[in-house]
Amino acid sequence: MVSNVATKQAALAPPPLEKEARDQGKLAAWTSIKQERWEGELVVEGEIPLWLNGTYLRNGPGLWHIGDYHFRHLFDGYATLVKLHFEGGRVTAAHRQIESEAYNSAMRNRKICYREFSEAPGQDNFLAYIGSLASLFSGASLTDNANTGVVKLGDGRVVCLTETQKGSIII
């Protein structure tokens, strides 16, 4: 069973870099994905060896902004799982947004709601600020944005990880 994954959206070609990124010379690493989920065969220049068969999985930041807010640190973007599958001299690629509590809350509220690697949610007033300090010490405000590691379990399931105690999400 697949859980905590954004709903499927069909696409025929990999999403292009955002126009803003191309125009400003931004690195692709700082460019948000355009779709929550995409899968398709890649066009290959040259040849992929026929003996190369298998799947490569990695995760990392894929969404760099919420509303008008842009993350400032490379480790803060919301997690995206990326797959390359090699078989018979062909390669298919896919990515999908990991639906963590942090991601879902940010999408629902159009702002960050959990403490990320270098980002903290902004507070509207002093009492909210005091509450955020209390949740920091309890661990309640820490993110579950699993954007740092992927582990395949013996039963075939995949776990995406991050450094906080609540950052393991089974895919």
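**Strand β6 and its neighbours**

Tutor: Happy to! Strand β1 (residues 37–41) pairs with β6 in the antiparallel sense, over five bridges; strands here are DSSP E runs of at least two residues, helices are H or I runs of at least four, and both are numbered from the N terminus. Two strands count as paired if DSSP finds at least two bridges between them. Within this pairing, Glu 41 sits opposite Thr 92 of β6.

Before going further, a word on the source: this is a predicted model, where local features need pLDDT of at least 70 and side-chain atom pairs count only at pLDDT 80 or more, while totals for chains, interfaces and linings use all residues. Residues are numbered from 1 along each chain as its sequence is written, and side-chain values use heavy atoms, with hydrogens and water left out.

Strand β6 also pairs with β5 (residues 78–87), again in the antiparallel sense, over eight bridges. Here Glu 87 stands opposite Arg 90. The hairpin of β5 and β6 has two residues between the strands, and Gly 88 takes a positive phi near 60° in that hairpin.

How covered is β6 itself? Spanning residues 90–97, strand β6 has six of its eight residues buried (buried means under 20% relative accessible area, exposed over 50%, partly exposed in between, with a 1.4 Å probe and protein chains only). Across the protein chain, buried residues make up 35% of the 171 residues.

Now to the cores. A nonpolar core is a set of buried Ala, Val, Leu, Ile, Met, Phe, Trp, Tyr and Cys residues joined through side-chain atoms within 4.5 Å. The largest one has ten residues, including Trp 64, Phe 71, Tyr 78 and Tyr 103. Helix α2 (residues 101–109) gives the most to this core, with three residues. Another core, of five residues, lies apart from it and has Leu 81, Ile 98, Ala 146 and Cys 160 among them. In soluble globular proteins, nonpolar side chains tend to be buried together.

Phe 117, by contrast, counts as exposed because its relative accessibility is 53%. Phe 117 is found in the loop between α2 and α3 (126–138).
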